[in-house]
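Notebook open. I want to look up the pocket, the domains and a few strands, in that order.

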Amino acid sequence: MNWWNRPAADTQITHGGRLWLYVLSAIIMLLLVAPTLIVVPMSFSDSQYLEFPPSTWSLRWYEEYLGSTKWMRATATSFQVGLLTMLVATPLGVMAAYALFVSRHRATKAIFLLLITPMIVPVILIAIGTFYAYGRVGMNNTIAGLVLAHSALALPIAIIVVTAGLRSYDLSQEQVARSLGATRTKAFFLITLPQIRFSVITAALLSFLTSFDEVIIAIFVSGGTNATLTKHMFAALRDYIDPTIAAISTIMVILSSALLLSIQFLGPRGSKN
Amino acid sequence: MDRRARAVPGECTGIDSRLKLSFAVTDAPQGTTALPIEIRDLTKRYGSVYALNSVDLDVHSGEFLTLLGPSGSGKTTLLMAIAGFNRPDSGSIRFGEDEVILTPPHKREVGMVFQSYALFPHMNVADNIGFPLKLRGITGSERATRVEEALETVQLSGFGARNIDQLSGGQRQRVALARAFVFGPRILLMDEPLSALDKKLRERMQIELKHLHRKLGVTTVYVTHDQREALTMSDRIAVINDGELIQLDTPEVIYNSPANAFVADFIGESTMLPLKRDDAGALFFRGQKVGDAGADEGKDWTLVVRPERLFFAGAGAETDDQTIVLKGVLREAVFQGESEMALVAIDDGTEVAVRFGTSGRASPAASITGDQVSIGLDRNDVIIIPGEQAA
């Protein structure tokens, strides 16, 4: 028996019979991933311009990026804003998800919708609105302003992730803990939180990525020494195109993939919390 | 803890006991940790629906009291109010001398067992049971000793290091129980703790819980919708329906003298037959006198017959001082293992269920469907309730 005629699953359908499915899946995956991966060879090019496929190879654009104070400052800003966004959005998201999960109030549905609007409204509208609002209170070009705006974007994701985690959690455990002598706060931290920890970690990592990858709001409300990496990249693409962008993109793709993969592997095996 | 005095069933059967107020008071011994619960005028509304409607209930110190009712009757609402998870709109709950209506759950010192067990899956068995001790600052060897004692009490010695997902349903139940009493609570509350177990295990756990209660002597309030479970385990049963306390008494009295049609119908099997009252107050079923309404002026009365209290009388049997005899046609006889159930249509087509043992002596001999049969009811087994039968 060769591979071709062996059953692919319990259904007795052979691999051969599934060939069309494999081909289709491969095409879809290629279309999804190729645009991202095309920057990787481009970043190792020796050319002054973005070139695919590269005619000669070098690491000069990585040296360019790592050696530039401008790029390094932007990178530091992005990390700073990302981490602060994570620290703001995660606790808020956990609190909101918990409250909405526990409460039987009629308004919970409406509040949930309100909290996830930043996900529904086009980001450009949020960016414009934020820009004008910040203009009034002098928060444009500040770290705090950018963190707040990014937190608004990250909050819906954190809420949705944590709500999904709570859904598989039996709330009567918290009631038991309280009957056994724990205050409500203690019951949450000792009983509930340890059991939804993977959702909370996932929410934190996604909050960080939401901020780290974000460009539209950053273009509007960040600037000067507080401009983010993505904003600089956008400006660089517009003003002068050189493969430094490709090098940075490659690094960002690796970082984002590593974070997302770590979420997959950190999670409990078997159960999705 | 020693045995309780129980109301004697024979004293409470029949019409007399319905009119006599039968308070079968248990001489509850004072356990060291047991506390009485005194509930007064407790009301809880959800919108226009009363989950609890002015409930008064006394749970004696050290007693095993069951709240029994259909789903949605308010029994769980009442239990949650005692636990402190549900704040009633008005009324009072006292543990001994202390008013607790505003006391948060964690200060009530009440052990609680939930239907879902609610064990903490991120802790092992010993840490689950040690949790209430840890919260009380009991550490080290004392905690370990008390956890081990609790495990021994529920017959799980040596299970401390196990994970929760390594336990069977019955074992989880025991761990939940041990966790609820290990810190010496004054009151133990249980919300349908056995409903997730299969029938055999459930029946064994009922007996074990009863033993455990006797050993601990802690005041216990138990919620169930299973009337058989309530009859098996309780010192007293509080029958609850539509947020109201319908009847509170020992299992024997509840079964033998139900307060109304709802209780008669909900607990045990029964056939309800309408009675006629004459001017003198005597109550008749089809011209046969079955009882006396006495001074009670009520117009509608119902005869409740339990299938297992009926028997097949001889062909020539007639009603006398001892026995009421009904004649009818055997419609159906169903073999059910430990007993057989016969449906007998008496004259106008009303069907009466008769349950009889499957030993040779008890069966209706050669009766086959369609035969004329006589069924007898001992006058001591007559149950008469006021009002019409339940809809």
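**Pocket.** I set the terms before looking. On a 1 Å grid over the protein atoms alone, a pocket is an open set of points with protein on both sides within 12 Å along at least five of seven lines, whereas a cavity is a set of points where a 1.4 Å probe fits but cannot get out; lining residues have an atom within 4 Å of a point. Grid points are joined across faces, edges and corners, and a volume is the space filled by probe spheres set on the points. I noted the source too: this is a predicted model, where local features need pLDDT of at least 70, side-chain atom pairs count only at pLDDT 80 or more, and totals for chains, interfaces and linings use all residues. Residues are numbered from 1 along each chain as its sequence is written, chains are lettered from A and ligands numbered from 1 in the order in which they are written, and side-chain values use heavy atoms, with hydrogens and water left out.

I looked up the largest pocket and found about 640 Å³ of space in it. I counted 17 lining residues. Nearest the centre lie Val102(A), Arg104(A), Gln175(A), Arg184(A) and Phe85(B). Two or more lining residues come from each of helix H4 (69-102) and helix H9 (172-179) of chain A and strand S1 (37-46) of chain B. H9(A) gives the most, 4 residues. Helices (H or I, at least four residues) and strands (E, at least two) are DSSP runs, numbered from the N terminus. By type, the lining holds 7 nonpolar, 5 polar and 5 charged residues. Here Ala, Val, Leu, Ile, Met, Phe, Trp, Tyr, Cys and Pro count as nonpolar, Asp, Glu, Lys and Arg as charged, and the others, Gly among them, as polar.

**Domains of chain A.** I read domain 1 as 1-32 and domain 2 as 69-266. Their C-alpha centres are 39 Å apart. The bounds come from an automatic or database domain assignment.

**Helix H3(B).** I checked burial along residues 75-83 and found 8 of the 9 buried. Buried means under 20% relative accessible area, exposed over 50%, partly exposed in between (1.4 Å probe, protein chains only). Lys75(B) is among the buried residues, as are Leu78(B) and Met80(B). Gly84(B) follows H3(B), with a positive phi near 100°.

**Strand S9(B).** Why did I call S9(B) largely enclosed? Because 6 of the 6 residues in 236-241 are buried. One side carries Arg236(B), Ala238(B) and Ile240(B), the other Ile237(B), Val239(B) and Asn241(B). Two strands pair if DSSP finds at least two bridges between them. S3(B), residues 64-68, runs parallel to S9(B) over 4 bridges, and Leu68(B) has Val239(B) as its bridge partner. S10(B), residues 244-249, runs antiparallel to S9(B) over 5 bridges. There Val239(B) stands opposite Gln247(B), and Ile240(B) is partnered by Leu245(B). S9(B) and S10(B) form a hairpin with 2 residues between them, and Asp242(B) in the turn has a positive phi of about 50°.

**Open sheet of chain B.** I traced 5 strands in the order S15-S19-S16-S17-S18, paired antiparallel. The edge strands are S15(B) (310-313) and S18(B) (350-357). S15(B) meets S19(B), residues 372-378, over 4 antiparallel bridges. Ala313(B) stands opposite Ser374(B) in S19(B).
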